[in-house]
Amino acid sequence: MNSFYFEKDKERFAITHGLLRILISKYLNLSNNEIKFEKDLYGKPKVIIDDRNINFNISHSNNLIAFAFSNSATIGIDVEYNKNINDFNDIVANYFHELEIENFNKVSNLKKQDIFYRYWTQKEAFLKATGEGLNRSLSSFYIQNKFDNYYKVNDENYSGYIWNIISFNILDNYTASICFKHDKLGE
């Protein structure tokens with residue numbers, strides 16, 4: 001924890017990971033010291049105890065911490081505080097997939113910031129679910145709206161799976177997305 005520059009970041013890390021340990025220990029009905037974290041190929045933390053598996057992910061933004069848990073699906077979560085950004089058009093143009101840029105440009109200016117945060121959290125939730133993080137280009141895959149707040153990831157690197165995303169607003173100033181993976185059936 002010496003890698004934190006600001007004391008508040010060190011405190012948030014300690015609180016977040018303390019809560020994570022408590023929640024996982026309650027879920028698995030184990031004591032806190034029985035919980036052992038491992039890292040996958042990309043460094044994403046995981047917990048495997050005997051034959052019980054729990055998939056989890058953490059995100060925080062501003063003063064909000066979000067956790068996602070699953071006992072079956074690989075999962076990722078991202079939450080973002082919706083602050084006003086002057087250059088979100090440039091971010092979309094430089095980092096998003098061409099189909100997302102096309103869809104984004106069809107949206108009225110009043111809705112662009114909301115759509116920007118929706119896309120951003122969806123893309124980060126997917127990259128956190130795969131464990132790749134921002135080591136991978138945001139334009140190498142795209143998000144497709146299926147209905148209402150339910151989305152699908154289109155990505156050739158993971159064609160053997162279906163990646164779904166649910167997006168929602170938390171409070172008035174936060175957007176969140178949860179991404180989870182399913183094996184394709186019948187294909």
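The crossing of α3 and α4 is right-handed, a crossing being right-handed if the near helix is turned clockwise from the far one by less than a right angle, and left-handed if anticlockwise. The model is a predicted one, in which local features need pLDDT of at least 70 and side-chain atom pairs count only at pLDDT 80 or more, whereas totals for chains, interfaces and linings use all residues. Residues are numbered from 1 along each chain as its sequence is written, and side-chain values use heavy atoms, with hydrogens and water left out.

The axes of α3 and α4 lie 10 Å apart, at an angle of about 155°. This makes α3 roughly antiparallel to α4; angles over 145 degrees are counted so, those under 35 as roughly parallel, 65 to 115 as roughly perpendicular and the rest as oblique. Axes are lines fitted to C-alpha atoms, for helices over the stretch in contact, with angles from 0 to 180 degrees between N-to-C directions. Helices are DSSP runs of H or I with at least four residues, and strands are runs of E with at least two, numbered from the N terminus.

On the α3 side, Glu100, Asn103, Phe104 and Asn105 meet Lys112, Ile115, Phe116, Tyr119 and Lys123 of α4, contact meaning heavy atoms within 4.5 Å.

How do the axes of α2 and α4 cross? They come within 10 Å and cross at roughly 40°, and the two helices are therefore oblique to each other. The crossing of α2 and α4 is left-handed. Phe88, Asn89, Ile91 and Val92 of α2 make this contact with Lys112, Gln113, Phe116 and Trp120 of α4.

Let me turn to the aromatic rings. The whole structure holds twelve aromatic pairs, defined for Phe, Tyr and Trp (its six-membered ring) by centres within 6.5 Å, with planes under 30 degrees apart stacked, over 60 edge-to-face and the rest tilted. Phe96 and Phe116 have ring centres 6.1 Å apart and planes at 5°, so they are stacked. Phe96 belongs to the loop between α2 and α3, and Phe116 to helix α4, 20 residues apart.
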